[in-house]
Amino acid sequence: MDTTAYLDAVVEQTSTLAEWMDGGDAAAPVPTCPKWTLTDLVDHVGATQRMVTMLVGERMTDPSAAFAGYTAPPADSAEWRAWLNDGAAEAKQAFESVADDTPVWDPSGADAGVRFWSRRLFGEISVHRADAAATLDKSYELAPEPAVAAIEDWLDTLTSRGYWENRPDFANALRGSGQTLHFHATDAPGEWLARREPDMVALERTHAEADVTVRGPAADLLLVLSRRRPLGAVTTLEIQGERALLDLWIEHMNWVTDA
């Protein structure tokens with residue numbers, strides 16, 4: 001997927017989420033994010049899209065003003081639908097005003113800028129739409145190829161140098177001496193090998209033997225890796241090897257659910 005495809009998908013998925021949220025119970029708990037209510041979910045999705053709109057649209061190399069520009073959602077849930085859709089549309093417009101190599105700050109440490117944020121918004125809405133589905137008893141669907149792209153975003157972000165340096169709890173838990181985990185989507189091309197090193201988690205896009213391997217449909221793999229569905233509740237995934245390594249990995253994929 002390229003930048004345009006990511007933003008088209010952001011607009012489409014946000015529209016679905018906004019329709020589900022329209023007039024919802026603001027205080028309803030989000031089971032996949034135990035500290036959140038439906039208001040928190042709407043706030044996070046809409047505010048994040050607006051922050052990225054500022055970063056990209058104004059070509060910021062310092063994020064301070066974007067962070068300070070936080071915008072809260074309407075108190076009336078009947079206004080959420082328009083607020084969410086407006087945020088996605090504004091984000092798409094911002095990305096249309098820049099090129100992939102336009103300098104823009106991002107937290108990955110890789111100076112990926114525009115490319116980082118287009119994929120990050122896509123990954124965000126793909127995962128948070130699953131939160132909405134779990135809260136509102138909706139059916140969550142994501143085609144295999146987009147699901148692979150969302151897994152790529154999730155794993156790449158979580159193994160980035162910026163994330164490692166800014167989340168010492170994650171770094172301390174995932175330090176290792178070469179232990180490997182292999183994630184394999186079976187319904188679209190997508191394989192990743194994560195290697196736990198003393199100072200990083202190295203991520204490769206490859207097929208390889210590993211200490212533990214988990215294989216299955218991309219959408220189910222995404223939901224499990226992002227902690228949106230318990231591993232034990234997903235019957236479509238095949239696990240081979242040291243289950244404890246996989247359990248430890250999933251336990252610490254909590255950068256959103258613990259927000």
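How many salt bridges does a search of the whole structure find? The search finds 15 salt bridges. The model is a predicted one.

## Nonpolar core

The largest nonpolar core holds 82 residues, and Met21, Trp117, Leu155, Phe183 and Trp249 touch the most other members. Helix H5 (residues 113–136) supplies the largest share of this core, with 10 residues.

Beyond its neighbours within four places in sequence, Trp117 is in contact with Met51, Val52, Leu55, Val56, Phe95, Val104, Trp105, Asp106 and Pro107.

## Helix H10

Helix H10 spans residues 243–251, and Leu245, Leu246, Trp249 and Ile250 are buried there. Viewed down the axis of H10, the buried residues fall within an arc of 130°, so they line one face of the helix. An α-helix has 3.6 residues a turn, so residues three or four places apart point the same way.

## Salt bridges

Arg119, Arg120, Glu124, Glu152, Asp153, Asp156 and Arg205 are linked in a network of salt bridges. Within this group, Asp156 pairs with Arg119, their closest N and O atoms being 2.9 Å apart. Asp156 is in helix H6 (residues 144–158) and Arg119 in helix H5, 37 residues apart. Arg119 counts as buried at 13% relative accessibility, whereas Asp156 is partly exposed at 27%.

Glu152 forms a salt bridge with Arg205, with 2.6 Å between the closest N and O atoms. Glu152 lies in helix H6 and Arg205 in the loop between strand E3 (200–204) and strand E4 (212–216), so the pair ties together parts 53 residues apart in sequence. Glu152 is buried, with a relative accessible area of 18%; Arg205 is partly exposed at 45%.

Terms used
Residues are numbered from 1 along each chain as its sequence is written. This is a predicted model: local features need pLDDT of at least 70, side-chain atom pairs count only at pLDDT 80 or more; totals for chains, interfaces and linings use all residues. Side-chain values use heavy atoms; hydrogens and water are left out. A nonpolar core is a set of buried Ala, Val, Leu, Ile, Met, Phe, Trp, Tyr and Cys residues joined through side-chain atoms within 4.5 Å. Buried means under 20% relative accessible area, exposed over 50%, partly exposed in between (1.4 Å probe, protein chains only). Helices (H or I, at least four residues) and strands (E, at least two) are DSSP runs, numbered from the N terminus. Contact means heavy atoms within 4.5 Å. The arc is that of the directions from the helix axis to the C-beta atoms. A salt bridge is a side-chain nitrogen of Lys or Arg within 4 Å of a carboxyl oxygen of Asp or Glu.
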